[in-house]
Amino acid sequence: MDPLEDVSIRPAERADVLAVFRIERAVFPQPWPFAAFENCLDAPAFLVAERDDGAILGYVVGDVMPNHGRDIGHVKDLAVAPDAQGRGLGRALLTRALARFAAAGVALTKLEVRDTNEAALGLYRDTGFEVMRRVPRYYQDGEDALVMVLDVPAWRERRRDQSGE
């Protein structure tokens, strides 16, 4: 059975924010405040993974920043509920967000990740993100962040080549 067979990915709605916030609190040591998710509802890549029974299993928050004709996508947050991890949901959410960025003509996508978050680093590297720089003491607890970037048109081309389109 496909581990994502009972899951759909769709744009987040106001009714999803509480479930998203609960996942955020369960996953991250310094979670975003509830209001931050409410403020992102119009973001072009605020997506949720929803099980057939309506349970929200994960989310991604991605926005587009204008940059002199070479818009930049920003993956601001990505999390999967602890009991749903290991099924490929994070990869599916990230891929769907990147596809939205590509459709919007984004040239580059960036994100910040804790330098100790091995699971996330593996996902991002597998997707094609590369470390651009380290930001010392980026997080409130003093941990460093790695800023990672992805060339979106090159990513899209690799996906086309892999799928045989």
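Helices (H or I, at least four residues) and strands (E, at least two) are DSSP runs, numbered from the N terminus. The model is predicted, so that local features need pLDDT of at least 70 and side-chain atom pairs count only at pLDDT 80 or more, while totals for chains, interfaces and linings use all residues. Residues are numbered from 1 along each chain as its sequence is written, and side-chain values use heavy atoms, with hydrogens and water left out.

Strand E3 (residues 56–65) is joined to E4 by eight bridges in an antiparallel arrangement, two strands being paired if DSSP finds at least two bridges between them. Met-65 lies opposite Ile-72 of E4, and in the hairpin, which has six residues between the strands, His-68 adopts a positive phi near 50°. E4 also pairs with E5, in the parallel sense, over four bridges, with Thr-109 of E5 as the bridge partner of Gly-73. Eight of the nine residues of E4 are buried, that is, under 20% relative accessible area with a 1.4 Å probe and protein chains only (exposed is over 50%, partly exposed in between).

Helix H3 (residues 89–103) comprises 15 residues and reaches 21 Å from its first C-alpha to its last, close to the 21 Å expected at 1.5 Å a residue, where the expected span is 1.5 Å times one less than the number of residues. Among the buried residues of H3 are Leu-94, Leu-98 and Phe-101. Just after H3, Gly-105 has a positive phi of about 85°.
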